[in-house]
Amino acid sequence: MDLNTVVEIRDGRHPAPWRPGDAWLGGGTYLFSEPQPHLRRLVDLSRTGWTPVRRGPDGSLEIAATCTIAQLSRYARGLGAPAAPLFEQCCRAFLASFKIWNMATVGGNLCNALPAGPMTSLTAALDGECLLLAQDGGRRRVRVADFVTGAGRKDLAEGELLRSVTLPDRALSCRTAFRQASLYGLGRSGVLVVGALDPLDGSLAVTLTASTVRPVRLWFPLVPTAGRLRAAIEGAVADGEWFDDIHGLPRWRRHMTFRYAEEIRRELEGGPR
């Protein structure tokens with residue numbers, strides 16, 4: 001897409017006052033996919049030099065906003081943590097060619113705030129926390145589950161930048177279960193449910209994405225009964241929060257969410273799949 005309203009591309013390494021018509025440029029797979037007539041200037045983050053993924057002294061995993069899906073996939077293959085398979089499962093949940101894999105960024109997927117965004121699914125399920133940088137130098141942290149607030153909506157102020165997402169070490173030690181449904185082969189996710197069982201205290205987190213307009217992360221101190229899990233989902237997702245678009249009707253998304261959540265509960269409890 002030729003963005004013929006853009007008159008300047010600025011290097012993101014050199015701060016300058018934010019102004020109307022500015023946009024952060026990561027991989028550009030969304031920005032260059034359709035007209036953006038409101039844009040006048042792009043702030044390019046590709047030369048910031050941020051380490052794509054790094055393990056912290058406390059065992060946490062910091063994923064830079066500029067980390068591409070291909071870089072994350074390669075890193076996760078050598079991660080050596082029980083939750084490592086979930087990274088590849090979510091990377092493969094993209095409706096994307098190899099070209100997109102090598103350009104699309106984790107931060108861009110989160111900031112687009114699409115219900116089917118698999119990086120939202122991954123980082124919300126593993127209790128990720130966003131680091132946000134304001135234009136005045138201020139910093140704040142927001143849980144991924146709270147960062148995406150609706151379809152295409154996120155908790156991001158004008159000019160604010162998503163710098164990274166941090167996953168705690170304890171989440172990486174969880175045993176995970178993954179379920180995804182699309183209406184057709186290689187289609188966009190209509191339902192994506194992830195379970196994460198904490199080996200230390202036996203708690204279970206069940207995270208719903210794609211079927212809902214925002215990520216819904218449910219936490220239970222112990223693996224719940226089928227009835228309690230169903231009641232928790234019914235209580236957490238209002239009728240109007242089941243997503244409705246060409247990739248799936250709300251009734252189907254709701255039905256498949258309950259089905260997959262129960263399958264995950266049984267799998268992580270140790271029962272038959």
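**Reading a sheet, a helix and a cavity**

Modeller: The largest cavity here has a volume of about 30 Å³, the space filled by probe spheres set on grid points joined across faces, edges and corners. This is a predicted model, where local features need pLDDT of at least 70 and side-chain atom pairs 80 or more, while totals for chains, interfaces and linings use all residues. Residues are numbered from 1 along each chain, and side-chain values use heavy atoms, without hydrogens and water.

Biologist: Which residues line the largest cavity?

Modeller: A cavity is a set of points on a 1 Å grid over the protein atoms alone where a 1.4 Å probe fits but cannot get out, and lining residues have an atom within 4 Å of a point. Here they are L114, P115, T120, V148, T209, V213, R214 and P215.

Biologist: How do I read the sheet?

Modeller: Strands of a sheet pair through backbone hydrogen bonds, either parallel or antiparallel. Strands are DSSP runs of E, at least two residues, and helices are runs of H or I, at least four, numbered from the N terminus; two strands pair if DSSP finds at least two bridges between them. In this model, five strands form an open, antiparallel sheet in the order β4-β5-β10-β6-β7. β4 (53–55) and β7 (139–143) each have a single partner strand, so one side of each lacks a neighbour in the sheet.

Biologist: Where does E129 stand?

Modeller: E129 is opposite R143 in β7. Strand β6 (residues 129–133) pairs with β7 over five bridges.

Biologist: Is helix α5 buried or exposed?

Modeller: Buried means under 20% relative accessible area, exposed over 50%, and partly exposed in between, with a 1.4 Å probe and protein chains only. Eight of the eight residues of α5 (residues 118–125) are buried, so the helix is largely enclosed by the rest of the structure.

Notes. 1 Å grid on protein atoms, 1.4 Å probe; cavity = no way out; pocket = protein on both sides within 12 Å on 5 of 7 lines; lining within 4 Å.
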